[in-house]
Amino acid sequence: MVNLVARRLVRLLVVLAGVSVVTFAILQVSGDPVALMMPEAPEADRAVLRQAMGFNEPLPVQFARFVGKIARGDFGQSFFHREPALPLVLARMPTTLLLAAVAMGLSLLVALPLGVLSAVRRNSVFDHGATFAVFLGTSMPVFWTGIMLILLFAVQFRWLPVSGWESWAALVLPAVTLATFSTPLLLRIVRSSMLEVVNLDYVRTARAKGVSEWLVIWHHALVNAALPLVTVAGLQFGLLLGGAVITETVFAVPGVGRLIVGAIRQLDFPIVQAGVFLLALIVVLVNFAVDLLYAYLNPQIRVR
Amino acid sequence: MAIGTLAPPIEVAAAPAAGSSRVWKKLARNPAALTGAVILIAVIGAAIFANYVSPHDPARQSLIRRFTPPVWVHGGNAAFPLGTDQVGRDILSRIIHGARVSLIVGVAAVVVSLLVGVSLGLLSGFLGGRVDTAIMTVVDVTLSFPQLLLALAFVAALGPSLVTIIVVLGLTGWERYTRVVRAEVLALREKDFVEAARAMGVGPARMLLRHLLPNTFSSIIVMSTLQVAQAILQEAALSFLGVGTGSAYPTWGQMISLGRDFVTVAWWLPTFPGLAILLTVLAINLVGDRLRDALDPRVG
């Protein structure tokens with residue numbers, strides 16, 4: 001187990017190094033960052049700044065400096081806000097995580113019972129209905145779903161606010177929108193993991209022993225289906241955050257996603273880099289935790 | 001689910017190529033897949049013949065006709081079946097022309113992903129060792145980013161254009177191919193026919209291209225179909241977020257983005273382009289799902 005944790009930790013560091021390279025590349029491919037910072041300035045002034053910021057040095061040197069800085073939490077000054085980028089991103093992180101967590105909770109509430117029922121009643125009308133709903137859900141652009149929900153519940157019925165983040169009611173539409181994006185995936189995984197265990201010998205044995213159907217499904221089958229579920233749910237966390245970025249934009253939720261999208265429009269790269277790096281970091285850490293959890297729960301696991 | 005990468009999980013089988021007539025028969029027996037195919041053909045047709053089938057010039061503005069509602073709503077005009085937008089442009093014509101961008105980006109981005117993902121997957125599975133470790137690390141790094149966010153950052157940094165979108169979506173969506181092709185190659189390497197070929201002195205290049213690659217085709221075809229749907233959703237999301245093709249040519253995502261501001265006065269502005277995306281992506285997903293079953297010899 002110690003060996004396994006050590007290996008995974010090395011892998012984590014390697015992946016983080018890769019994530020830094022990609023984040024570094026965002027500013028590099030934009031052409032001339034100095035031109036973005038001082039669009040009006042004469043070329044002579046720009047050259048001075050370029051020299052001062054080290055943009056004339058070889059890429060590996062610049063990259064090493066970039067890594068050194070982000071290790072200390074320094075992503076540079078926002079071009080637009082004129083303050084350090086990282087605190088601006090961090091301040092908005094709880095909002096994004098809250099939105100993602102509520103949406104994930106909603107998704108689980110819907111996907112678990114429906115997925116289990118779908119698998120148990122395989123090929124029933126209910127199962128076909130659920131499968132079609134999954135197709136529909138996976139085919140809807142999440143921003144459009146959001147706008148349609150606004151149209152229905154905020155414009156037509158006036159039950160909920162159109163946008164903003166001032167009250168709990170404002171959380172409802174964004175969370176539901178994001179959940180329509182994550183639920184179909186989850187439902188599909190619950191269904192297929194359940195199908196894999198529902199006819200295994202020990203489940204049949206439990207049935208034969210006269211264990212009630214309800215207990216067989218929830219205790220014997222679901223517990224064993226949960227392992228792959230956890231892994232996939234971890235992998236999908238990145239998707240959920242991607243969905244949160246769009247959802248925040250539709251509903252003007254003051255989270256990291258909206259900050260990044262706004263920064264992208266203003267070509268404010270320090271914010272973009274800090275935001276992209278932090279969200280990737282969260283995904284990496286979640287997957288690391290899921291990996292360890294999986295190894296811990298599954299004694300059979302073999303690490304090559 | 002649309003943002004992104006939400007392609008339904010792929011369950012693939014290492015299938016020897018099934019006879020194509022059998023595949024078609026299986027496809028045709030499924031009403032959902034058939035409906036999907038019909039919708040898809042209609043969308044492709046609309047895209048190709050956009051200049052002939054769209055009732056109006058998609059760019060022609062008319063201030064007296066702004067916000068004309070759809071024909072079945074009071075005040076509608078049969079000349080503009082789905083109504084007009086904030087500057088009086090015909091929504092139906094813009095949707096028909098928008099199909100072009102969606103389909104071009106969807107298909108071209110998948111081609112880029114295919115080229116990168118399949119080659120890396122073949123190399124990773126075939127060579128193993130350090131190459132495999134290196135390639136799988138790159139896959140892990142790619143998986144760490146929310147794909148849409150990465151695409152958004154790079155399209156903005158490189159400057160929005162049709163080519164940029166295609167390349168960036170292609171380069172952020174290849175890892176699925178690598179993982180699946182690698183897994184298949186690992187399984188195929190143990191098969192008798194590969195052993196036999198090796199014993200007969202078949203070189204590595206021929207082994208890869210002639211013996212291994214063709215046996216991954218059925219999963220590649222299925223994955224590609226479903227990935228086109230994802231790429232269309234991604235492109236729409238990028239356009240919606242304002243880093244689209246950088247041109248005035250209509251796209252579905254951009255129509256929704258502009259229409260959102262008028263949603264309280266003219267619901268049809270964002271609604272219809274969204275339905276166009278939904279129907280197109282749904283059609284591709286239905287066909288792709290059926291294709292998976294049809295190409296998998298284990299499913300009846």
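How are H11(A) and H13(A) oriented to each other? I keep in mind that this is a predicted model.

**Entry 1: a helix pair**

I recalled that two packed helices are described by the angle between their axes and by the distance between those axes. I looked up both values. Helix H11 of chain A covers residues 237-251, and helix H13 of chain A covers residues 269-297. They pack at an angle of about 155°, and their axes are 9 Å apart. Angles over 145 degrees count as roughly antiparallel. H11(A) and H13(A) are therefore roughly antiparallel to each other. I also noted the handedness: H11(A) passes H13(A) in a right-handed crossing.

Next I listed the residues that make the contact. H11(A) brings A:Phe237, A:Gly238, A:Leu241 and A:Val245. H13(A) brings A:Leu279, A:Ile282, A:Val283 and A:Val286. I sorted the residues of this contact by type: seven are nonpolar, one is polar and none is charged.

**Entry 2: salt bridges**

I turned to charged pairs. Side chains of opposite charge can pair when their charged atoms come close. I searched the whole structure and got 11 salt bridges over all chains. I followed up some of them.

I began with A:Arg11, which forms a salt bridge with B:Asp140. Their closest N and O atoms are 2.8 Å apart. A:Arg11 sits in helix H1 (residues 2-28) of chain A and B:Asp140 in helix H5 (residues 129-144) of chain B, so this pair joins two chains. A:Arg11 has 29% relative accessibility and counts as partly exposed. B:Asp140, at 26%, also counts as partly exposed.

**Entry 3: a bridge within chain A**

I then looked up A:Asp127 and A:Arg191, which form a salt bridge with closest N and O atoms 2.8 Å apart. A:Asp127 lies in helix H6 (residues 125-139) of chain A and A:Arg191 in helix H8 (residues 169-198) of chain A, so the pair ties together parts 64 residues apart in sequence. Is A:Asp127 buried or exposed? I found a relative accessible area of 1%, so A:Asp127 is buried.

**Entry 4: chain B, and a network**

In chain B I picked out B:Asp85, which forms a salt bridge with B:Arg94. Their closest N and O atoms are 3.9 Å apart. Both B:Asp85 and B:Arg94 are buried.

Which residues are linked in a network of salt bridges? I wrote down A:Arg188, B:Asp289 and B:Arg292.

Technical notes
Residues numbered from 1 in each chain as written. Chains lettered and ligands numbered in written order. Predicted model: local features only at pLDDT ≥ 70, side-chain atom pairs only at ≥ 80, totals over all residues. Heavy atoms only, no water. Axes fitted to C-alpha atoms, helices over the stretch in contact; angles between N-to-C directions. Helix = DSSP H or I, 4+ residues; strand = E, 2+ residues; numbered from the N terminus. Parallel < 35°, antiparallel > 145°, perpendicular 65-115°, else oblique. Left-handed = near helix turned anticlockwise from the far one by under 90°. Contact = heavy atoms within 4.5 Å. Nonpolar A, V, L, I, M, F, W, Y, C, P; charged D, E, K, R; others polar. Salt bridge = Lys/Arg side-chain N within 4 Å of Asp/Glu carboxyl O. Buried < 20%, exposed > 50% of the residue type's maximum accessible area, 1.4 Å probe, protein only.
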